[in-house]
Amino acid sequence: MTSLNTENLDRYITNTTTNKILGWVGCLFVCVGAIAVALEIDPLNIYTLNIGALIYAIWGYRTKQWNQVAVNIFLILVYTFGLIWRII
C-alpha cells in the first residue's frame, strides 16, 4: 500500500514539474516573439509566437485549462494563415 502512495506522489510531482516547465517555456517564447514583433524581426516573430502558442496549448490541455487551449489554437491558426498569406 505504501508503494502505491509513493508512486502516485512521484507521478504528481513529475506532472506538476512538467506543467511548470511548459508554462515558463511557453512564456519565454511568447515574450521573445513579442520583442521580435516590436523590433520587426521577421520571420523570428512568427516562429517564436507559434511555438509559444503551441506550448501553451499543450500546457492548457495538461492542466485542463480549456480556455487556454482554445485561444492558443486560435492564435496558431491566425499565425499560420499570416505566414501562408505572406508566402503567397
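1. Let me start with a working definition: rings of Phe, Tyr and Trp (its six-membered ring) count as a pair if their centres lie within 6.5 Å, with planes under 30 degrees apart called stacked, over 60 edge-to-face and the rest tilted. By that rule, a search of the whole structure turns up three aromatic pairs. One of them joins tyrosine 61 and tryptophan 66, whose rings sit edge-to-face at 5.7 Å centre to centre, with 75° between the planes. Tyrosine 61 is exposed, at a relative accessible area of 55%, while tryptophan 66 is partly exposed at 48%. For these labels, buried means under 20% relative accessible area, exposed over 50% and partly exposed in between (1.4 Å probe, protein chains only).

2. Phenylalanine 81 and tryptophan 85 also form an aromatic pair, this one tilted: 5.8 Å centre to centre and 35° between the planes. Both residues lie in helix 3 (residues 66–87) and are four residues apart, so about one helical turn separates them. Phenylalanine 81 and tryptophan 85 are each exposed.

3. A word on what you are looking at: this is a predicted model, in which local features need pLDDT of at least 70 and side-chain atom pairs count only at pLDDT 80 or more, whereas totals for chains, interfaces and linings use all residues. Residues are numbered from 1 along each chain as its sequence is written, and side-chain values use heavy atoms, with hydrogens and water left out.

4. On the overall fold, the protein has three helices and zero strands, and its elements run α-α-α from the N terminus on. Helices (H or I, at least four residues) and strands (E, at least two) are DSSP runs, numbered from the N terminus.

5. How does the overall shape come out? Along the principal axes, the C-alpha atoms fill a box of roughly 60 × 20 × 20 Å. Buried residues make up 22% of the 88 residues.

6. Cysteine 27 is in no disulfide, and its nearest cysteine sulfur, that of cysteine 31, is 4.1 Å away. Cysteine 27 is partly exposed at 24% relative accessibility. Cysteine 31 is likewise in no disulfide, and it is partly exposed too, with a relative accessible area of 39%.

7. Asparagine 19 deserves a look in helix 1 (residues 2–38). This asparagine is buried, with a relative accessible area of 15%. Leaving aside neighbours within four places in sequence, asparagine 19 is in contact (heavy atoms within 4.5 Å) with Trp59, Arg62 and Thr63.

8. Threonine 48 belongs to helix 2 (residues 44–63) and is buried at a relative accessible area of 6%. Which residues does threonine 48 contact, leaving aside its neighbours within four places in sequence? They are Phe29, Val32 and Gly33. The threonine 48 side chain also reaches the backbone oxygen of asparagine 45 at 3.3 Å.

Notes
Disulfide = S-S within 2.5 Å. Polar contact = N/O pair within 3.5 Å; in protein donor to acceptor, adjacent residues only side chain to side chain.
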